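Colleague: I want to go through this complex with you, starting from the interface. Keep it brisk.

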Amino acid sequence: MELPQDILLEIFSWLPGKSICKFKSCCMSFSNFPEEVNFKIKQARNLLKMEDTCFFIQPEQKCKKIIELHSLPKEKQSSGVPNNVLKFLSSSASVLASSNGLILCCNISDHDPIELFICNPITKSQCFIPTPESLQENYRKVNINILLDCSNGCVDDYKVYLFENTMEWSPTCYICKVYHGKEGVWKTMEKSFFPGSRNIKFDMSVLHNGVIYFISDCSPYFGRSSPFYMPYIVSYNLEHGMSTILRLPEEATKGCHENNVSCDMGIFKWGKLTNQNQSICLVRLRECVFNVWFLKDCESSSWQKVLEVRVKALGLKEKDLDVRGFMVMNGDLLIFATENKVYSCGLSGERFMMVEEICSHNCGYSIRLIPYLDTLRLCGTNVETMPC
Amino acid sequence: MAAEKSSIKIITLIAADGSVFEVEPNIVKEMKTVQSYIDELDQNTVSIPLPNVFGNDLAMIIEYCKKHASEEETKEAKEEFDFEFVKRMKSDDKLRLLQAASYLNMESFLQFMAKAIAAEIENQSVEFVRDYFQIESDFTPEEEAELRKENEWAFK
């Protein structure tokens with residue numbers, strides 16, 4: 001049965017980037033249409049409705065020069081990025097954020113001022129973003145608090161959000177700057193972000209319904225009398241610029257900053273893409289025990305517990321079970337890494353508590369995980385070919 | 001116009017093999033080809049020949065539309081239905097239904113079938129895909145070798 005070209009295009013527009021590249025060898029027309037702008041736009045838009053299939057893993061310290069990409073076991077053959085692109089990124093850059101197939105990177109070198117760029121590893125295209133003033137000097141000392149958002153309907157545009165510390169103490173204040181790919185300029189949001197006095201983990205943000213959520217750290221640097229004694233979540237509404245503090249579940253804050261106790265918390269998106277009740281979830285790793293809650297109602301800060309499990313009880317073969325990093329992917333899959341390996345653990349449905357070994361890694365002690373899906377999404381205007 | 005449309009109670013669809021299906025107006029809403037035909041007519045009963053769709057396929061499409069048009073079914077039940085719907089199909093069935101969806105101009109059903117076929121082929125080989133769509137390579141051996149080399153990473 002010979003299919004018309006437009007139907008074939010429709011089918012191919014639901015494939016991840018790696019499969020599309022493989023099937024270029026089928027025939028002439030299959031090798032041509034992935035190059036067309038309309039097809040790239042369609043594929044990227046369709047894949048907004050699909051789950052992430054891969055994740056980047058890299059050392060938390062940006063100077064280490066390692067970036068690995070691994071696919072979930074079922075997606076190994078169909079999703080990934082070219083090795084030479086990964087090698088190029090490893091040697092010169094650090095991944096800061098990822099969204100709908102584009103990744104936001106900063107280059108690492110000893111002398112140059114910092115450069116930010118957006119790239120698509122599948123199409124090997126990149127475009128540079130003007131470095132905001134606050135990152136032009138002393139950038140090695142400041143954190144780059146940055147987010148990438150490609151989730152909006154407009155598939156040839158993206159937004160980058162940057163939070164600049166004003167160094168004011170009371171109240172702590174960050175200026176929020178937005179960069180539109182199409183406009184090519186940084187704009188300052190009218191209202192600044194007031195996250196309370198704790199340090200904020202800007203690399204663990206969740207963007208949900210026009211609101212960015214952040215979690216604070218939980219180090220014990222405040223006395224009991226301080227309103228910021230307990231860790232908390234703080235949100236920033238992108239529409240009207242309001243900052244709102246959200247309480248964590250009481251159980252999660254209990255004993256989270258006792259001396260000599262390791263406690264790490266992170267927030268992630270909760271619930272499948274198709275689920276209308278998507279929300280955020282909180283993962284706490286304290287003394288080698290994972291706890292997961294999801295936010296049932298934002299206004300009343302009411303949480304529901306999903307999981308409590310000792311890492312040792314997950315049946316892993318390794319002896320040293322120090323978890324070095326974790327995240328929740330696709331709204332219901334806990335991904336965590338030990339010093340050498342990465343595992344997944346289901347958080348809902350049939351895969352609840354099902355543990356699977358995903359891969360080995362060489363990123364060392366302290367790592368960062370960033371989900372990724374290989375699309376052909378356009379990088380915007382002023383696109384260059386990646387030098388690899 | 002609106003009053004006339006709502007007066008239509010039953011729509012008769014006649015498949016390529018002559019089999020006849022009587023459906024309610026809300027079922028064909030998704031079939032834009034059929035709907036635009038109805039909109040142009042000024043009658044209370046309509047019978048529409050669909051020479052490009054076979055009876056078996058039309059039956060399946062109607063089953064799908066009924067499930068998805070129902071307001072009583074939960075989202076989960078519809079998802080479960082979709083899963084089972086595709087599971088019982090062979091590759092040929094999927095391709096035929098996809099073409100029928102394209103002919104009937106059914107946007108979401110077309111996407112649904114395209115997605116199902118994409119999921120079936122994504123982990124397969126180049127040879128499998130050629131076979132699946134009955135296409136032949138129009139490359140010279142050199143051209144194909146070069147393309148494979150260029151995209152070597154995608155074969156691992």
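Modeller: Contact here means heavy atoms within 4.5 Å. Bear in mind that the model is predicted.

Colleague: How many residues of chain A are in contact with chain B?

Modeller: Take the 4.5 Å cut-off between heavy atoms. On the chain B side, 38 residues take part. On the chain A side, the number is 38.

Colleague: What area is buried between chain A and chain B?

Modeller: Carbon and sulfur atoms give 65% of that area. Helix H1 (5-12), helix H2 (17-23) and helix H3 (28-32) of chain A each give two or more residues to the side touching chain B. That side divides into nine charged, nine polar and 20 nonpolar residues. The buried area is about 3300 Å².

Colleague: Which residues of chain B does UniProt list for "domain: SKP1 component dimerisation"?

Modeller: The listing comes from an unreviewed entry. The span is 64% helix and 0% strand. Its end C-alpha atoms lie 27 Å apart. UniProt gives residues 110-154.

Colleague: Over which residues of chain B is the pLDDT below 50?

Modeller: Chain B has a mean pLDDT of 90, with 94% of its residues at 70 or more. The stretch below 50 has four contacts beyond near neighbours in sequence. Where pLDDT is low, predicted coordinates should not be read in detail. The stretch is residues 1-5.

Colleague: What ipTM does the model score?

Modeller: The pTM is 0.92. The ipTM is 0.91.

Notes
Residues are numbered from 1 along each chain as its sequence is written. Chains are lettered from A and ligands numbered from 1 in the order in which they are written. This is a predicted model: local features need pLDDT of at least 70, side-chain atom pairs count only at pLDDT 80 or more; totals for chains, interfaces and linings use all residues. Side-chain values use heavy atoms; hydrogens and water are left out. UniProt positions are given in the numbering used here, feature names are shortened, and annotations may be inferred rather than shown by experiment. Helices (H or I, at least four residues) and strands (E, at least two) are DSSP runs, numbered from the N terminus. Buried area is the accessible area (1.4 Å probe) that two parts lose on being put together, summed over both. Ala, Val, Leu, Ile, Met, Phe, Trp, Tyr, Cys and Pro count as nonpolar, Asp, Glu, Lys and Arg as charged, and the others, Gly among them, as polar. pLDDT is the predictor's confidence in each residue, from 0 to 100.
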